[in-house]
Amino acid sequence: MPTVRFRFWPLSLALAIALTGCSDSQTSGEDETADVPEPPDYPVTWRFALEEIEGSVQHAYAEALKERIEERSDGRIEIDIFPYGSLGTSAQLTELVRNGSISLAFASPGHLANTIPEVGLFTLHYVLPDDADVTREILASAELLELFESPYANQNMKLLGFVPEGWMAWTANKALRSPEDFTGQRIRTMTSDMAEETFRAYGAEPSQIPYSQVYSDLQLRKIDGQSNPVFAIEEMDFYEVQTTMTLARPAQFVASVVSNLEWYDALPENQQQWLDNGLKDVAQIAWETQEELNQTRLEQMLEGGHMKVVRLTDSEREAFREASMPVRDIYLERTGESGQRILGRLNQLIEQTETRKQSSGSSGDGN
């Protein structure tokens, strides 16, 4: 069986990146199509670090953003993409963004919640609605981004957007149909304390392990199971060292796209507009990509007979939802008024969006 495929670049590379920095051009323009004189330091390079490997949702997102930014800027902006394993672990990538060594990065709540407790919201189970379109609309809303803007800014990061990557699935060497099935199971979680709490509520023994280490730990039986989107389970070959995948739809994997706050604020106006508009353009691509990848890779695993797939019934999911409720209290204890405001407003947005969509659907049927 294959072993883990990642070799991190030496720390000296990260230090070198920090020394090279990005352009400090102060050129600005009235809009992104304005005739802006090129300063002598064009082309400018933006470095974009990913938490996933080539061929992933994040890689497709980054490639689409690269294409649009370079096209909009007429080649004055170039984006270098660093897939996972190039520069370090997820937590290390976030630190590189915070200190300005790289321009852009994906930062998932799975590790970021230790630094920004509020984003631990996205590791909670059965908070986001079952309707994927409702989830997508809420995660793209300006109001939700605004709620998280200050917590990110306090860590010298600019929150540029949330990217849903599909439902999390559980793998193990048995079906996980009830919280009791988790009892004593050594489950890998992402590297945050809140991520651990979600599985501890089911009676599991959670362990925080970097993404690149999961395969080998499953192979060596250091852990009994793990949780990731379906596409990641296939592309990371976890099916080679696990027998059963349980589809419980407990939470969406939600990544955030971030930049160094000072870097973003210092961008000339035309460059900010290229970036902001490019991000809006690729949001649809990211959604379509995750839907396609999750479906096709599930089919590949089924056709190849790689894993037994178990889909939970509504009543089985309800048992997990009830067991997960105390973790919300832990989240509120750790985040205080800020977390209470965010969770409360998220629930309101879900209710309002679902009601509006139901009303719209009824109106459409009537016509």
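# Strand pairing, ring pairs and salt bridges

User: Over how many bridges do strand β3 (residues 104–107) and β9 pair in the antiparallel sense?

Analyst: This is a predicted model, in which local features need pLDDT of at least 70, side-chain atom pairs count only at pLDDT 80 or more, and totals for chains, interfaces and linings use all residues. Residues are numbered from 1 along each chain as its sequence is written, while side-chain values use heavy atoms, with hydrogens and water left out. Helices (H or I, at least four residues) and strands (E, at least two) are DSSP runs numbered from the N terminus, and two strands pair if DSSP finds at least two bridges between them. For β3 and β9, which pair in the antiparallel sense, the number of bridges is four.

User: Which residue of β9 is the bridge partner of Phe-106?

Analyst: Strand β9 also pairs with strand β4 (residues 157–172), in the antiparallel sense and over eight bridges, and there Met-157 stands opposite Asn-260 of β9. For Phe-106, the bridge partner in β9 is Val-257.

User: Why is strand β9 (residues 252–260) described as largely enclosed by the rest of the structure, and how many of its residues are buried?

Analyst: A residue is buried under 20% relative accessible area, exposed over 50% and partly exposed in between, with a 1.4 Å probe and protein chains only. Strand β4 is mostly covered, with 16 of its 16 residues buried. Strand β9 is largely enclosed by the rest of the structure because the count of its buried residues is nine of the nine.

User: Which residue in β8 does Thr-171 stand opposite?

Analyst: Strand β4 pairs with strand β7 (residues 226–229) in the antiparallel sense over four bridges, and in β7 the residue opposite Thr-171 is Gln-226. Three bridges also join β4 to strand β8 (residues 244–247), these strands running antiparallel. In β8, Thr-171 stands opposite Met-245.

User: What is the angle between the planes in the aromatic pair of Phe-48 and Phe-106?

Analyst: Rings of Phe, Tyr and Trp (its six-membered ring) pair if their centres lie within 6.5 Å, and planes under 30 degrees apart count as stacked, over 60 as edge-to-face and the rest as tilted. A search of the whole structure finds 17 aromatic pairs. Phe-48 and Phe-106 form a stacked pair, with the rings 5.6 Å apart from centre to centre and the angle between the planes at 15 degrees.

User: How many residues apart in sequence are the parts tied together by the pair of Phe-48 and Phe-106?

Analyst: Phe-48 is buried, and so is Phe-106. Since Phe-48 lies in strand β1 (residues 44–49) and Phe-106 in strand β3, the pair ties together parts whose separation in sequence is 58 residues.

User: Over the ring of which residue does the charged end of Arg-76 sit?

Analyst: A charge sits over a ring if NZ of Lys or CZ of Arg is within 6 Å of the ring centre and within 35 degrees of the ring normal. The charged end of Arg-76 lies 5.8 Å from the ring centre of Tyr-42.

User: Which residue has its backbone nitrogen 2.9 Å from a polar atom of the side chain of Asn-294?

Analyst: Asn-294 lies in helix α11 (residues 269–303) and counts as buried because its relative accessibility is 13%. Contact means heavy atoms within 4.5 Å, and leaving aside neighbours within four places in sequence, Asn-294 is in contact with Glu-165, Gly-166, Pro-229, Val-230 and Phe-231. The backbone nitrogen that lies 2.9 Å from a polar atom of the Asn-294 side chain belongs to Phe-231.

User: Does Arg-317 count as buried or exposed, and at what relative accessibility?

Analyst: A salt bridge is a side-chain nitrogen of Lys or Arg within 4 Å of a carboxyl oxygen of Asp or Glu, and the side chains of Asp-130 and Arg-317 meet in one at 2.9 Å, N to O. This pair links distant parts of the chain, with Asp-130 in the loop between α4 (109–112) and α5 (132–139) and Arg-317 in helix α12 (residues 314–366), 187 residues apart. Asp-130 counts as partly exposed at 44% relative accessibility. Arg-317 counts as buried, its relative accessibility being 7%.

User: How far apart are the closest N and O atoms of Glu-70 and Lys-66?

Analyst: Glu-70 and Lys-66 both lie in helix α2 (residues 57–72), four residues apart, about one turn of the helix. Glu-70 counts as partly exposed at 22% relative accessibility, and Lys-66 counts as partly exposed at 23%. In their salt bridge, the closest N and O atoms are separated by 2.8 Å.

Key: A polar contact is a pair of N or O atoms within 3.5 Å; within protein, one must be able to donate a hydrogen and the other to accept it, and residues adjacent in sequence count only if both atoms are side-chain atoms.
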